Amino acid sequence: MRFKRLLFSLPLIVFIFFLTAFLIAKRNFGQKVNQLVLTSSGDADRLNPILHADTASGAITELVFNGLIKYNENLELVGDLAESWTTEQISTLYLKPDSGLRGEEALSLLKDELSPEELAELKIKDFRRISSVGLEIYLDTAGRAFEQRVLEIISPEKIEPIKSIYVAVDTEKKFADGAECQAQEMLQRLKEKINADEVLKKRILKYSVERSDLFTVKMLGDPQTLLSLIGSIINPPLEEPGQGQEPPLGAIQRIEEVFIDNNPIITFHLRKGVLWHDGAPFTAEDVKFTYEKIMDEKTNTTRRSDYELVQNLEIPDPYTVRIRYKQPFSPSLETWAMGVIPKHILENEDVNTASFNRQPIGTGPFKFKEWLSDQKITVVANKGYFRGPPNLDQITMRIIPESSLREMEFMVESIDYYGVEAHQYRRFSLDEDFKVYMTPAYGYTYIGWNMKVPLFADKRVRRALTYAINRQEIVDYLLYGLGRIATGPYPHHMWYYNHDVKPLEYDPEKAKMLLKEAGWEDTDGDGFLDKEGKRFKFTLITNNGNTLRKNTAELVQRQLKEIGIEVEIALYEWSVFLSNKINPRDYEACVLGWSLGLDPDQYQIWHSSQAEKGLNFVYYNNSEVDRLIEAGRSEYDHEKRKEIYHKIHFLIAEDQPYTFLFMPESTPALHKGAFRIRTVDASGKPVLEEIKMTKSGLTYFLEKWVRVKAHSLQP
Amino acid sequence: MTTYIIRRILQCIPTLFGITVISFLMINIAPGGPIGQQLDPKVSPAVIEQWEKNFHLNEPLHKQYGLWLKDLLTGELKSFKDGRPVITKILERLPATILLSVISTIITFSIAIPLGVFSASHRYSMADHATTFLAFLGISMPSFWLAYMLILLFVKGFGLPVLGDRTFGLPGLGVSATFFDRAWHLLLPSLVLGIGGIAWLSRYARGSMLEVLEQDYIRTARAKGLAEDEVRYGHALRNALLPLITIFGFLIPSLISGAVITETIFAWPGIGRLGYDAVMSRDYPTVMTLATISAVLVLLGNLIADVLYAVVDPRIRYD
Amino acid sequence: MTENALINESDMSEQPSRPYSPYRDFFRQFRKNKLAVFGAGTLLILSLVAFLFWIFSIFEVHFPCDPTATELVAQLQGPSRQHPFGTDQLGRDVLARMAHGTRISLLVGFVAVGVAITVGVLIGSIAGYFGRWVDPLLMRFVDVVMCFPTFFLILTVVALLKPNFWNVMIVIGLTGWTGTARFVRAEILSIKERDYVKAIEAVGAKRRKIIFKHILPNALAPVLVSATLGVAGAILTEAGLSFLGFGVQPPRPTWGNILAEGRLYIFDAWWLTLFPGLAILLTVLSFNLFGEGLRDAFSRRA
């Protein structure tokens, strides 16, 4: 019966077909080309250094693009697209008209008082008179070190403070005549009124629109007239009498006062002869274009706030970029490590949706080749790279969403680089086939105590909670020893970490004592602490999908139960966690982690002004810390910054707004002997070296990597 | 028949409209939003506000819905996540999803039907009980657990990679080697995807075959003295399998609805993962478009199934 | 049906003294299906386990040990005498967790199906019996729900509600009622036309009474079958949701989330993946076999 035979041979045919496939796949497997295969759990979103917001895109754009500067293997900033850079500063001060001191006199006073040695030490280059009362001081460096000395010579009483008036605008509202209530519009109306007032006009130094909802006016002298003018605009008088009071259109946010207005300037001298991957030359125009695109409100980028303190960016010639800042801001330099995008390609495109974001063109060591969505991104060696072509033919990033399966692919050498998880570390490091590296990760995990919740407002309670949490146990059993107890918000291997701050020891007795002091005691004998008839009980939230955080929460729950505190755990999907819990501050305590940049400035996390809308979602408020944070970000001197951040570290550890839990180690692994670093020695002979861990991570010298025993890739 | 089809299609329009409205409401009511997915110190509230404006998220809901509909119909719809046209994003995943579905369907049919027929013709034998039991085992398997066990077997046992749709990092291979490499990578995901189907379909084929074997005309055929094989495979089988054609109607939606779990595990770049990622990152345009397309396919599949049914079984008449 | 008919006759002739009972007939049919009996037996044992551990948890009897007791020094230990199914990453006993998980896993299945059947029967019978404008309206609604990608629906609703385990059950149930609704409607439409219903109606019985007393009992058998199979489906769905991190939330153990968590340790602790996987497999298999047995027995009786 033909049909019968056909029917029953179907399964057989399928079986034989796949058996053949298996055998052929097996035979071919094991051949390798000179490439490195990386992996990521999620697909990239946009391969554009000014737009991307995920790690996969970040890893690829780093290979394809260059910044003006970069961190080297010892975490020092060095030139990348810029060959070198200089920082200087122009500082302005104005004398009080009634002080009896004129500009000329003040100049000669400064010149006489400051010896040449002192000038050199303070790096003061020059003084200049700009008006009968205005002086400019030129410095060879940025910072405020000179300020004190200048104020000693010209006493503050003789100096007219410069006032910056910040006005917030309520963009939701409209003027009575129907005009949009934007900062620009409001400033326009204000200018008209000011221009009508000859006296006031002379005192205004500068206007600037900071954002669509914020503008500033800088002025000299008594601000009262100006304030009432602003008041008449943001609180317009009623058109028809008898109507109810109109709500104001804005508010005067704050007034800042300085004696000397400091404007740091960074000048980058660009490398000549650098070509984009399409052959066009790289010039300062590209840098300017990149900056302007970031600042364009239509661009959906997270990087805008990095550059908000830039006053202007000029390109005096095709290989020079001069950036003038509104005020000293020491973390500003590292923001120029961001990749530069080509003007000639994106000039007439909408940068949000441009095809460039899928086919990037950069200046980096690797050229973009192919991106298959949710599968892989491939970049190939850029033979014309300005530091010489890289040794690897290509780098592929595979997207494998299941983290537990990445390990399997690594084992069969289908991927080359794998971030070993803590519980796998022992197994991998004992295995002859693999080489596991170790370096501290830039981040820490913590429990944030929402201080708006009365329970955690008391510092004694927060300290008691830290005493009651056995962090060593968490490190030993959840990190399998691969990490250390965190004492504050900084990674322990960075220069700003204060080694004098010791972790609070695990001491449940001390915790109970502190809680008793704060009024928490087990009065009814049910095993739980209570105060005024209420049990010590709270909900600890975290995001689901992160086993480490969840397990941490479970251990903390158990540890706190031992001293009589009832903890409930709730897990939320990430997006819900942020928009329903953290952002509206609707939680009691949360387990979270920060991954940190290299600069110690954490203004958004700890400054009290960031409590309502920023990232200070625990409502940390310590005026001393506020002051130090502000000082730290306007200080350029390394030693002084170190001192400042050591103090901040100490104060935050004292207050325990978080219980700082741990800083994990990161443990990447490679197949033993699969890759080497190939360099050329003095005599021109190639040298192969083992791959070593650097402070900037394992892949810092990626351009020099080469696969041992590989087929060459046919073009 | 034609009028029937036209009437059915017209009936689908309000349903479709209802679906888009409900899914639009649901995704907008759902907590979490497309913006501010990271706790990034660099994202200031002003930036977030500007983004909301750029994505029209500050408009009232009915306006947003109108904008979405307009963009969808004009093909202008852009993803929130990467600014690419949603249609492009879907089209680029389509081949992978269809390939997987088709191969999985082929495997399912070519294993399940012989199994069911065999089972039916050896009713109540040990072999029948064994296939029944195996079929139920297949239905009862959590698919991700099965996938893990299979991957473990092949990776540990044979040292062969199975994730993705091809082996990575091989030097240029010939056409046939590439073909078989792709085929190999298809095996496990389509098997995992199809295992439930194999079990279900073999049960269905068995039942259908048994029913036909009890029909009078089969008895007549036997009485005529035809060989048993001739009766079974010549007469009964064809009639038993005809109703199965309608299943193709129901297969159409599965071509695109995808399988989130299987695709996630096997790193398969299909529609299911696109949809899952879109829901997670609250990429409203993508989610909405996928929901609409999948609804269209379900409605279309139902229609095709009904029509095929009428074609196969002349006793059924639609008017 | 020839073979069965013969067997039935012979069975009956052996016991002529006992009057015909549909139930006894049903059980006789059911007993013949060995796989179904195996399924029923397993389910009975599982239910006992679930009940027992529910009692344990009420009286805080920790047998064999406390499922929430973390014993970190014993983390990730393989099966041994003390921990027959090994321990997890926090040193909790997997057997104890699975035993307590039995109740929750079964509960997820039953509650989800309960919700699905209730909603399905209600909407199906209303649509089927009242007809007129109610029927097309409800059926369009069923179409709309059916067209929704189930998974998308579940994810959105789980995100919408608090992720506690009652909500997970309800959501799984809310996505599964459409089949029942359609089926019940069709059944009622066909029964409504039967002579006996028409006769009762002619006598002047109330509509509600007709639905509940005469029509629904007739549709009961197939609903029961689909409910049994539905429980199996719901348990699998919960496991799938757990895999994606949206199932019942830990520390409340279900087989699904033990398995989902265990997969991270697949090379370091195979027992975390194997045992819960087998438990799910066995339970779902039992429900399926049992349901199929029910279907067989009902259809042969008819």
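Reader: Which residues have the most contacts inside the largest nonpolar core?

Author: A nonpolar core is a set of buried Ala, Val, Leu, Ile, Met, Phe, Trp, Tyr and Cys residues joined through C-beta atoms within 7 Å, where buried means that 20 or more other C-beta atoms, placed from the backbone, lie within 10 Å of a residue's own. In this structure the largest such core has 204 residues, and those with the most contacts inside it are Ile60(A) and Ile235(C). Apart from it lies another core, of 69 residues, with Val461(A), Leu560(A), Leu571(A) and Tyr587(A) among them. This is a predicted model, in which local features need pLDDT of at least 70 and side-chain atom pairs count only at pLDDT 80 or more, whereas totals for chains, interfaces and linings use all residues. Residues are numbered from 1 along each chain as its sequence is written, and chains are lettered from A and ligands numbered from 1 in the order in which they are written.

Reader: What does Ile235(C) touch?

Author: Two residues are in contact if their C-beta atoms, placed from the backbone, lie within 7 Å. Leaving aside residues up to four places away in sequence, Ile235(C) touches Ser105(C), Val108(C), Gly109(C), Ile280(C), Thr283(C) and Val284(C).

Reader: How many residues of chain A are in contact with chain B, and which element gives the largest share of that side?

Author: Here 68 residues of chain A are in contact with 62 residues of chain B. Helices (H or I, at least four residues) and strands (E, at least two) are DSSP runs, numbered from the N terminus, and helix 1 of chain A supplies the largest share of the side that touches chain B, 15 residues.

Reader: How many residues does the contact between chain A and chain C take from each?

Author: That contact takes 20 residues from chain A and 18 residues from chain C, and on the side of chain A the largest share, six residues, comes from helix 17 of chain A.

Reader: In what order do the four strands of the open sheet in chain A stand, and why is one side of strand 9 left without a neighbour?

Author: Two strands pair if DSSP finds at least two bridges between them. The order in chain A is 9-10-8-11, with antiparallel pairing; strand 9 (204-211) and strand 11 (250-258) of chain A stand at the edges with a single partner strand each, so one side of each has no neighbour in the sheet. Strand 8 (residues 162-169) and strand 11 of chain A pair over eight bridges, and Ile255(A) is the bridge partner of Ile165(A).

Terms used. A residue is buried if 20 or more other C-beta atoms lie within 10 Å of its own, exposed if 12 or fewer, and partly exposed in between; C-beta atoms are placed from the backbone.
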